[in-house]
Amino acid sequence: MGKNYDIKDLSLAEQGRKRIDWAENEMPVLRLIRERFGKERPLKGLRLSACLHVTAETANLARTLAAGGADVVLCASNPLSTQDDVAAALVNYEEIPVYAIKGEDNETYYGHLKAALDHNPHITMDDGADLVSGVLKQRPDLIENLLGSTEETTTGVIRLKAMAADGVLKFPVIAVNDSDTKHLFDNRYGTGQSTLDGIIRATNVLLAGKTFVVGGYGWCSRGIASRAHGLGSNVIVTEIDPIKALEAAMDGFRVMPMVEAAKLADFIVTATGDVNVLDAAHFAVMKDGAIVANSGHFNVEINIPALEALTSEKRQPRPFVDQHILKDGRRINLLGEGRLINLASAEGHPASVMDMSFANQALASEFLLRNKGQLRAGVHALPKEVDREIAALKLKAMGIAIDELTPEQAKYLSSWEEGT
Ligand SMILES: NC(=O)c1ccc[n+]([C@@H]2O[C@H](COP(=O)([O-])OP(=O)(O)OC[C@H]3O[C@@H](n4cnc5c(N)ncnc54)[C@H](O)[C@@H]3O)[C@@H](O)[C@H]2O)c1
């Protein structure tokens, strides 16, 4: 192929292939879909531009879409999340054009998004709605050929719903994040485990006996809180939603405002999808040596300019650790430049949860094509049957059998006459 890609180093391809194969072992549901796609070729002739974290799991999704007949290009959905060896393997062995380099600057990042849109896609696949946003702002000419889009994450779905409310979203989008087999597993267990993995790889600091503050108690943050608790940390949760706060309290965590929690914290991790969850008032009261990180989608949850303004000197004691020495001498350690720490300093979610997330993505593309012209502009969930089928396949792959309703039970559950 000609150089219709932009990656770090093609010679990393062999290492990337090993990593992709290793991940595939844990992705049985996606493998079944790939086998079917290979036979049926349901995506034949479809141009698909994907903007996802370029990881080994994503590579297996890209291979699945290509097996279905799609002409796929891939760019990164975050400047720090690319696995350069995986990008090389996709270009070298799968002939999938990839535009992604770990650590790329903002200009390169947006240049790569542009390259993905230049593919003139029938379907865009997003993790954070950057491609859809690019179509609406820079390339409205693409709307004519666009069947629709799919969206991976909570923040992307929130952005898309805002576009729909403003009346600017002119095509259907499937909110993959809204499938139960996505957010209940990927966000909770995937983000839970990989966020802790990222913090540990970046710092190698013991979590047992430490005070660990989690910003938010949504799907991601409750996963992080339970994993930190499991490693022996004393966990505090902060929230703005009274119901979530109550759940956190009844799950056994202390709940308090961030300005109180920040005084006690050895670690603070945000995963809210909100802006400035950690701000100047919080940096002002933190202990010397506090470690702060983010696992929410954008690098806006920690107000880094506010931290910079308090900083007199900055050091980098380890990769992915920026130590800010404040004017009063306290040190605050910011991990991964405030970007999703599980992808910046670790490898993102384990393949076993991405198996279900990406099964949803693959089936969402097929769903968009099958329902061409029938879906209204706006944000849609995948049908419940698809969700249940993915869960059933995953259980089967895990060797777990469950009960079936007896005819008597089915009748009982659908009737209202029977009481005590
Ligand atoms: N790191 C990853 O790999 C990964 C994976 C999935 C999702 N995400 C991202 O993580 C973020 C959270 O996703 P989610 O699915 O858990 O969302 P969610 O909606 O389930 O939870 C977010 C929670 O944050 C709370 N919140 C909002 N503002 C707050 C504030 N100022 N202080 C304290 N709490 C606040 C909300 O009340 C809510 O309970 C999103 O940006 C999402 O895109 C990251």
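Reader: What share of the 420 residues in the protein do you call buried?

Author: This is a predicted model. Buried residues make up 55% of its 420 residues. The label needs under 20% relative accessible area.

Reader: What makes the protein as compact as a globular protein of that length?

Author: First, the inventory: 17 helices and 15 strands. The radius of gyration is 22 Å, and the globule rule gives 22 Å for 420 residues, so the protein is as compact as a globular protein of that length. Its C-alpha atoms fill a box of roughly 75 × 65 × 45 Å along the principal axes.

Reader: How many of the contacts with a separation of 6 or more join residues 24 or more positions apart?

Author: The share is 71%. A contact here means heavy atoms within 4.5 Å.

Reader: Why is Pro305 called exposed?

Author: Exposed means over 50% relative accessible area. Pro305 has 60% relative accessibility, so it counts as exposed. Pro305 lies in helix 13, residues 304–310. From Tyr5 it is 300 residues away in sequence and 34 Å away in space, C-alpha to C-alpha.

Reader: Why are strand 3 and strand 15 said to stand at the edges?

Author: Start with the order. Seven strands form an open sheet, 3-2-1-4-5-6-15, with parallel pairing. Strand 3 (98–99) and strand 15 (378–380) each have a single partner strand, so one side of each lacks a neighbour in the sheet.

Reader: How do you know that strand 2 and strand 3 pair?

Author: Pairing requires at least two bridges. Strand 2 (residues 71–76) and strand 3 have two bridges, in the parallel sense. Therefore they meet the cut-off. Cys75 has Tyr99 of strand 3 as its bridge partner.

Reader: What joins strand 4 to strand 1 and to strand 5?

Author: Four bridges join strand 1 (residues 47–52) to strand 4, and the two run parallel. Ala50 has Met125 of strand 4 as its bridge partner. Another four bridges join strand 4 to strand 5 (residues 148–151), again parallel. There, Ile123 is bridged to Gly148 of strand 5.

Reader: Which way do the residues of strand 4 point, and are they buried or exposed?

Author: In a regular strand the side chains alternate between the two faces of the sheet. In strand 4 (residues 123–126), Ile123 and Met125 point one way, Thr124 and Asp126 the other, and all are buried.

Reader: What makes helix 6 largely enclosed by the rest of the structure?

Author: Six of the eight residues of helix 6 (residues 130–137) are buried, so the helix is largely enclosed. Those buried are Asp130, Leu131, Val132, Ser133, Gly134 and Val135. They pack against strand 1, helix 5 (106–117), strand 4, strand 5 and helix 7 (154–165).

Methods. Residues are numbered from 1 along each chain as its sequence is written. This is a predicted model: local features need pLDDT of at least 70, side-chain atom pairs count only at pLDDT 80 or more; totals for chains, interfaces and linings use all residues. Side-chain values use heavy atoms; hydrogens and water are left out. The radius of gyration is taken over C-alpha atoms; the globule rule is 2.2 Å times the number of residues to the power 0.38. Buried means under 20% relative accessible area, exposed over 50%, partly exposed in between (1.4 Å probe, protein chains only).
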